[in-house]
Amino acid sequence: MLMKADRCGARRRVCRQVVCAVSALGMMLLAAVAHAEALFSPMLTLRMGEQVVELELEQLDAMVQSELQTSTTLQPQIGHWQGVLGRDLLAHLGVEEGLVRPMTMRSWDDYRIDMTTEDFYLWDVLIATRLNGQPLEAEDLGPLRVIYPRDQHRELQDSRFDHRWVWLLRSIEVTP
């Protein structure tokens, strides 16, 4: 009789441990989702001198949206990219249209590229938030990616442009 009671008690303890473990995993999952959202906040920072504009996804989505169908060096199949044109973000920051200024783009993984604003005026460079209608996730090298219209312009298929395709985009800084 004592052995049967011990087994029942042991089963209850194991059941409680399983319930506690499942609850803990659920809480960890919720914390991870909240952390991921906080990790990319603000989603994009625009900076020119003392002027700073911080944008979340909802604000980017409220801006004029553009679409681009192109392949990338990482995705040879043509994707349907959606987001905001780089030149529209420069205008939002107050950069005079067509003004070529030094610019630095940075990513969440500390990649940095120094270039000029000229690319944003020459081509429809997209700051993509979506691929094939789905929001870009970190697994897609999102939540923001710089996408050049490489299939529409042969000169953009040159490897000299490949380093400008910033993924995990975090900030754009224009020198005044």
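**Strands, rings and a valine**

Mentor: Start in β10, where Val 174 is the bridge partner of Met 103. Keep in mind that this is a predicted model.

Trainee: How many bridges join β5 to β10, and which way do they run?

Mentor: Five bridges, and the strands run antiparallel. β5 covers residues 102-107 and β10 covers residues 169-174.

Trainee: Which helix packs on the sheet there?

Mentor: Helix α3, residues 86-93. α3 touches β1 (44-48), β2, β5 and β10. The direction of α3 makes about 60° with that of β1.

Trainee: And what is the strand order in that sheet?

Mentor: β2-β1-β10-β5-β6. Those five strands form an open sheet with mixed pairing.

Trainee: Which are the edge strands?

Mentor: β2 (51-55) and β6 (112-116). Each of them pairs on one side only.

Trainee: Is Val 53 buried or exposed?

Mentor: Buried: the cut-off is under 20% relative accessible area, and Val 53 has 15% relative accessibility.

Trainee: What is Val 53 in contact with, leaving aside neighbours within four places in sequence?

Mentor: Leu 44, Thr 45, Leu 46, His 92 and Leu 93.

Trainee: How far is Val 53 from Leu 89, C-alpha to C-alpha?

Mentor: The separation is 9.9 Å. Along the chain, Val 53 and Leu 89 are 36 residues apart.

Trainee: Switching to β4. Which strands do bridges join to β4?

Mentor: Take β3 (residues 66-70), which five bridges join to β4. β7 (residues 126-131) is also joined to β4 by five bridges. β3 and β4 run antiparallel, and so do β4 and β7.

Trainee: Which residues could I use as landmarks?

Mentor: Trp 81 in β4 stands opposite Leu 68. For β7, look at Leu 126, the bridge partner of Leu 85.

Trainee: How many residues of β4 are buried?

Mentor: Six of its seven. β4 spans residues 79-85 and is mostly covered.

Trainee: On to the rings. How many aromatic pairs are there?

Mentor: The count comes to five.

Trainee: Why does the Trp 123 and Phe 161 pair tie together separate parts?

Mentor: Trp 123 lies in the loop between α4 (118-122) and β7, and Phe 161 in the loop between β9 (145-147) and β10, so the pair links parts 38 residues apart in sequence.

Trainee: Are Trp 123 and Phe 161 buried or exposed?

Mentor: Both are buried.

Trainee: What about Tyr 148 and Trp 165?

Mentor: Their ring centres are 5.9 Å apart and their planes are at 35°, so the pair is tilted. Tyr 148 and Trp 165 each lie in the loop between β9 and β10, so this pair ties together parts 17 residues apart in sequence.

Trainee: What is the relative accessibility of each?

Mentor: Tyr 148 counts as buried at 0%. Trp 165 is buried too, with a relative accessible area of 8%.

Trainee: Which residues do ring pairs link into a cluster?

Mentor: Trp 123, Tyr 148, Phe 161 and Trp 165.

Notes:
Residues are numbered from 1 along each chain as its sequence is written. This is a predicted model: local features need pLDDT of at least 70, side-chain atom pairs count only at pLDDT 80 or more; totals for chains, interfaces and linings use all residues. Side-chain values use heavy atoms; hydrogens and water are left out. Buried means under 20% relative accessible area, exposed over 50%, partly exposed in between (1.4 Å probe, protein chains only). Helices (H or I, at least four residues) and strands (E, at least two) are DSSP runs, numbered from the N terminus. Two strands pair if DSSP finds at least two bridges between them. Contact means heavy atoms within 4.5 Å. Axes are lines fitted to C-alpha atoms, for helices over the stretch in contact, and angles run from 0 to 180 degrees between N-to-C directions. Rings of Phe, Tyr and Trp (its six-membered ring) pair if their centres lie within 6.5 Å; planes under 30 degrees apart count as stacked, over 60 as edge-to-face and the rest as tilted.
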